[in-house]
Amino acid sequence: MNTVHHSIAIVGAGLGGLTLARVLHVHGIPATVYEADPCAASRTQGGQLDIHVEDGQRALADAGLTGEFRAIVHEGAEAMRILDQHGKVLLDQPDDGTGRRPEVLRGDLRRILLDSLPDQSVHWGRKVTGVRPLGEGRHELTFAEGASVTCDLLVGADGVWSKIRPLLSDAEPRYTGTTFIETYLYDADERHPATAKAVGAGAMYALTPGTGIAAHREAGNVVHTYVELNRPAEWIAGIDFTDAASAASRVAAEFDGWAPELTALITDGRTAPVARMIYTLPDGHRWERVPGLTLLGDAAHAMPPSGDGANLAMFDGAELGKAIAAHPGDVEAALTAYEQALFARTEPFYAQAHGLLELLLGPSAPFGFIDLFTAADQAE
C-alpha cells in the first residue's frame with residue numbers, strides 16, 4: 001500500500017478540527033481530516049451547546065457559516081431554572097430573546113461544518129494507531145487498518161485522549177472526581193408530563209452538595225439529562241452500564257428522597273445510561289514549539305464542562321486557520337503565533353471551569369449557583 005502525502009493533516013472530526021478545515025478552505029488551503037468513526041452518523045454527538053458571541057460565533061463567522069448557524073438555533077432554549085431536590089423552584093429565568101448565547105444541537109452544528117467542506121475532505125474509519133516524526137516538521141500517521149500517510153503539518157484535534165499530544169507534552173488527563181451520567185427522555189410532554197413540566201422550556205438544574213441533575217429541553221420533544229455525581233472512579237467502575245436497568249437503579253439509589261418527577265430523568269429513559277467521567281489536563285497546559293505539529297480543543301486544554309469547551313475548540317480552529325493563511329509558506333511562524341495566543345487565551349478558563357463545577361456540586365450547592373445568575377442579572 002503506497003503512503004499518501006498531505007500538506008495538512010487534521011486528526012479528529014470534532015467541531016474544532018472541522019472549523020479549522022473549513023477556515024482553511026475559505027482561504028483556498030486544502031486540508032485532510034482523519035476520523036476514527038466509521039461515518040458521520042455512527043454515534044450521537046451530545047446535547048445542546050450555547051454558542052458564545054466572543055468565540056464560537058466569531059469562529060463561525062470566520063468560517064462563513066453565520067447564516068447556517070442561525071438556521072439551527074433552538075429558539076427559547078436559553079430559559080433556565082434551578083430547583084431543590086424536592087422539585088421546588090428556586091430560580092426561574094425565561095428566555096426573553098435578549099440572550100447572547102443561542103442554543104444549538106452539537107450534531108446539527110457538526111453537520112453544517114461537514115456540509116461546508118469539499119467532498120473527500122474527511123476520511124472516515126481512520127483510527128490512528130501510531131505517529132512518527134520524519135524530520136523537518138514532517139510526520140507519518142499509521143491507522144488501524146494498516147494504511148499510512150505523511151504530512152507537512154499535523155494538527156491534533158482528537159480530544160482528551162489525543163494520540164498526537166504525547167509528541168508535544170507528557171501531560172496526562174486526570175479524573176476530577178466527578179462523573180456525568182447521560183440519559184434521555186423522548187416524547188417528554190406526552191409520556192413524562194410531570195418531568196417535562198419540572199424541566200421547563202430550557203435548562204433545569206436540581207443540585208445538592210456532591211449530587212445533582214442537569215436536564216435540557218431539546219428540539220423534537222426530547223429531554224437530555226446529565227446526572228452529576230462526585231464519586232470515586234472505583235464507584236463508577238462498580239456499576240455495570242451494559243445492564244441498563246441495573247445501572248439506572250443503582251444511580252437512582254443515590255437520589256433517595258428526591259422528587260419522583262426528578263428521579264424519572266434517571267429511571268424512565270428508553271436508552272441505556274452512559275457514564276461520562278470528567279477529566280482535565282493540568283491547569284494552564286502548554287508545550288514547547290515542535291516543528292510541524294500543534295493541538296487544538298480538548299487535545300490542547302481539556303477541562304471540566306463549563307459551556308466553553310466547544311466554543312474554545314471552534315475558536316482555536318478558526319484562529320489556527322487564519323494564522324496559516326496569514327503566513328504563507330512559513331508554517332512555523334503561523335504555529336508560533338497561534339500557540340502564543342492560545343496559551344494566553346485559554347489559561348483563565350481552567351479556573352472558571354473548576355469554579356463552576358464547585359458551584360454545581362460543592363458545599364454551597366445550589367445557592368452558590370443561584371448567586372452566580374442573580375449577580376449577573378444585577379450587573380446588567
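**Chat: strands, helices and loops of a predicted model**

Guide: Strands β13 and β14 form a hairpin with three residues between them, and G220 in the turn has a positive phi of about 85°. Bear in mind that this is a predicted model.

Visitor: How many bridges join β13 to β14, and how do the strands run?

Guide: Eight bridges join them, and the two strands run antiparallel. For a landmark, A215 has T225 as its bridge partner in β14.

Visitor: What about N221, what is its phi?

Guide: N221 has a phi near 65°, which is a positive value in a residue other than glycine. N221 sits in the loop between β13 and β14.

Visitor: Is N221 buried or exposed?

Guide: N221 is buried: its relative accessible area is 18%, and the cut-off for buried is under 20%.

Visitor: And β13 itself, how many of its residues are buried?

Guide: Eight of its eight residues are buried, so β13 is mostly covered.

Visitor: Which residues of β13 point which way?

Guide: T211, I213, A215 and R217 point one way, while G212, A214, H216 and E218 point the other way, and all are buried. In a regular strand, side chains alternate between the two faces of the sheet.

Visitor: How does β12 pair with β13?

Guide: β12 and β13 pair in the antiparallel sense, over six bridges. L207 has G212 as its bridge partner in β13. These two strands also make a hairpin, with two residues between the strands, and in that hairpin G210 takes a positive phi near 85°.

Visitor: What is the strand order in the sheet?

Guide: The order is β5-β4-β12-β13-β14-β11-β15, in an open sheet of seven strands with mixed pairing. The edge strands are β5 (89-93) and β15 (274-280), each pairing on one side only. On average, neighbouring strands of this sheet are turned by 20° against each other, direction ignored.

Visitor: Which helix packs on the sheet?

Guide: Helix α12 (residues 331-361) does, and it touches β11, β12, β13, β14 and β15. The direction of α12 makes about 60° with that of β11.

Visitor: How many bridges join β11 to β15?

Guide: Six bridges join β11 (residues 174-185) to β15, and these strands run antiparallel. I181 has A275 as its bridge partner in β15.

Visitor: Switching to helices. How do α1 and α11 cross?

Guide: The axes of α1 (residues 15-26) and α11 (residues 309-326) come within 7 Å and cross at roughly 30°. Angles under 35 degrees count as roughly parallel, and α1 and α11 are therefore roughly parallel to each other. Their crossing is right-handed.

Visitor: Which residues in α1 and α11 meet?

Guide: On the α1 side, L15, G16, T19, L20, V23 and L24. They meet A310, A313, M314, G317, A318, L320, G321, K322 and I324 in α11. By class, that contact has 10 nonpolar, four polar and one charged residues.

Visitor: And α1 with α4, what is the geometry there?

Guide: The axes of α1 and α4 (residues 106-115) come within 9 Å and cross at roughly 25°. These two helices are therefore also roughly parallel to each other. The crossing of α1 and α4 is left-handed. The contact is made by L15, L18, T19 and R22 of α1 and R106, L109, R110, L113 and L114 of α4. By class, the contact has five nonpolar, one polar and three charged residues.

Visitor: Back to loops. Where is P282, and what is in contact with it?

Guide: P282 is in the loop between β15 and β16 (293-295). Leaving aside neighbours within four places in sequence, P282 is in contact with A171, E172 and Y350. P282 counts as partly exposed, at 39% relative accessibility.

Visitor: Which peptide bond is cis?

Guide: The one from A365 to P366, with omega near 0°. P366 is found in the loop between α12 and α13 (367-379).

Visitor: What is the phi of D187?

Guide: Near 50°, again a positive value in a residue other than glycine. D187 lies in the loop between β11 and α5 (188-191), and at 35% relative accessibility D187 counts as partly exposed.

Visitor: Last one, G238: buried or exposed?

Guide: G238 is exposed, with a relative accessible area of 65%. G238 lies in the loop between α7 (233-237) and α8 (244-252). The C-alpha atoms of G238 and R250 are separated by 10.0 Å, and the two residues are 12 residues apart along the chain.

Methods. Residues numbered from 1 in each chain as written. Predicted model: local features only at pLDDT ≥ 70, side-chain atom pairs only at ≥ 80, totals over all residues. Heavy atoms only, no water. Axes fitted to C-alpha atoms, helices over the stretch in contact; angles between N-to-C directions. Helix = DSSP H or I, 4+ residues; strand = E, 2+ residues; numbered from the N terminus. Parallel < 35°, antiparallel > 145°, perpendicular 65-115°, else oblique. Left-handed = near helix turned anticlockwise from the far one by under 90°. Contact = heavy atoms within 4.5 Å. Nonpolar A, V, L, I, M, F, W, Y, C, P; charged D, E, K, R; others polar. Pairing = 2+ DSSP bridges. Buried < 20%, exposed > 50% of the residue type's maximum accessible area, 1.4 Å probe, protein only.
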